[in-house]
Amino acid sequence: MSPLIFPFLLALSCGSITTPEGGFKHLTLPYATDALEPYISRETVEYHHGKHLLTYVNNLNKAIVGTPHAHQHLTQIVAEAEGALFNNAGQVLNHNLYFLQFSPNGGGRPKGALGMAIQKEWGSFEAFQKAFETQGLALFGSGWVWLAQDEEGALHILQEPNGSNPVKHGMVPLLGFDVWEHAYYLDYANRRADHLTSLWNVVDWNVVGARFHQ
Ligand code: MN
């Protein structure tokens with residue numbers, strides 16, 4: 001892990017850090033379970049946050065006992081751990097970032113430094129959206145598509161398999177769309193593309209922009 005990027009990862013607001021008293025906490029949603037409708041249904045949020053994420057939190061808390069990672073920051077565990085500990089820590093980090101990046105008042109486009117950086121890298125916000133959706137759609141199997149920032153500040157779109165996250169590559173995760181079927185099958189069946197397109201309506205660019213560093 002580059003010492004340059006690490007302060008930004010530690011500063012990342014991701015809902016959960018380890019404590020000596022033990023245990024990562026299940027993220028409390030900052031909105032009601034039906035707040036993201038019609039783009040993400042109450043039923044999907046109840047399963048996805050209430051059951052899937054809770055299972056990852058419980059499995060992480062079991063897997064971490066007695067390991068050298070027991071008192072590390074969540075991002076550090078994801079960057080350094082392997083196997084079941086990495087898988088579950090990755091999914092806790094991923095889902096915390098995911099649920100916190102949405103708002104019923106979301107949508108629109110990024111402003112300020114992040115908006116300018118996206119414009120510079122992809123030419124327009126629309127071109128970025130298209131590239132992001134294309135990467136999410138093309139990801140084979142289960143995983144995530146991320147907008148991430150490297151230690152030099154440059155933006156990248158990354159496809160990460162299963163529970164992986166840009167921190168595995170020393171990058172700061174800014175925005176992540178979950179393309180595991182559990183994220184969309186109740187609402188969109190097999191229409192992953194429609195799901196990805198709809199998520200722009202609930203992205204809170206103030207939250208995503210606060211993860212970006214200049
Ligand atoms: Mn998920």
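1. In this predicted model, Trp 146 has Gly 176 of strand S3 as its bridge partner. The pairing involves strand S1 (residues 143-149) and S3, which run in the antiparallel sense and are joined over 6 bridges. A student may wish to locate Trp 146 and Gly 176 in the view before reading on.

2. S3 spans 172-178. Asp 178 has a relative accessibility of 0%, so it counts as buried, the limit for that term being under 20%.

3. Which residues hold the manganese ion? Its protein donors are His 48, His 95 and His 182, each through NE2, together with Asp 178 through OD. Along the sequence, the spacing of the donor residues reads H-x46-H-x82-D-x3-H. His 182 counts as buried because its relative accessibility is 18%, and the limit is under 20%.

4. His 49 is placed in helix H2 and, with a relative accessibility of 11%, counts as buried. Setting aside residues up to four places away in sequence, His 49 touches His 26, Leu 27, Leu 29, Thr 44, Leu 54 and Phe 99.

5. The largest nonpolar core comprises 65 residues. Those with the most contacts inside this core are Phe 102, Phe 128, Leu 175, Phe 177 and Trp 205. Helix H4 contributes the most to the core, giving 9 residues. At least three residues of the core come from each of domain 1 (5-23 + 41-100) and domain 2 (112-210).

6. Leu 175, when its neighbours within four places in sequence are left aside, is in contact with Gln 101, Phe 128, Phe 132, Val 145, Trp 146, Leu 147, Trp 200, Val 203, Trp 205 and Val 208. Phe 128 belongs to helix H6 and counts as buried, at 0% relative accessibility. With its neighbours within four places likewise left aside, Phe 128 is in contact with Ile 118, Trp 122, Leu 147, Ile 157, Leu 175, Trp 200 and Trp 205. Between the C-alpha atoms of Phe 128 and Tyr 184 there are 22 Å, the two residues being 56 residues apart along the chain.

7. How are the buried residues of helix H8 arranged around its axis? The residues concerned are Arg 192, His 195, Leu 196, Ser 198 and Leu 199. Seen down the axis of H8, they fall within an arc of 165°, so they line one face of the helix. The elements against which the buried residues of H8 pack are helix H4 (83-100), helix H6 (125-138), S3 and H7.

8. Domain 1 covers 5-23 + 41-100, and domain 2 covers 112-210. Taken over C-alpha atoms, the centres of domain 1 and domain 2 are 19 Å apart. The contact between them takes 26 residues from domain 1 and 26 residues from domain 2.

9. Glu 37 and Pro 38 are joined by a cis peptide bond, with omega about 5°. Pro 38 lies in the loop between helix H1 (6-11) and helix H2 (42-63). Asn 162, in the loop between strand S2 (155-161) and strand S3 (172-178), has phi near 50°, a positive value in a residue other than glycine. With a relative accessible area of 42%, Asn 162 is partly exposed. Ala 189 sits in the loop between helix H7 (185-188) and helix H8 (192-199). Its phi is near 50°, again a positive value in a residue other than glycine, and Ala 189 counts as partly exposed at 29% relative accessibility.

Note on methods: Residues numbered from 1 in each chain as written. Predicted model: local features only at pLDDT ≥ 70, side-chain atom pairs only at ≥ 80, totals over all residues. Heavy atoms only, no water. Donors = N, O, S within 2.8 Å, 3.2 Å for Na, K, Ca; no water. Buried < 20%, exposed > 50% of the residue type's maximum accessible area, 1.4 Å probe, protein only. Helix = DSSP H or I, 4+ residues; strand = E, 2+ residues; numbered from the N terminus. Pairing = 2+ DSSP bridges. Arc of directions from axis to C-beta. Contact = heavy atoms within 4.5 Å. Core = buried A, V, L, I, M, F, W, Y, C linked by side-chain atoms within 4.5 Å. Domains from an automatic or database assignment.
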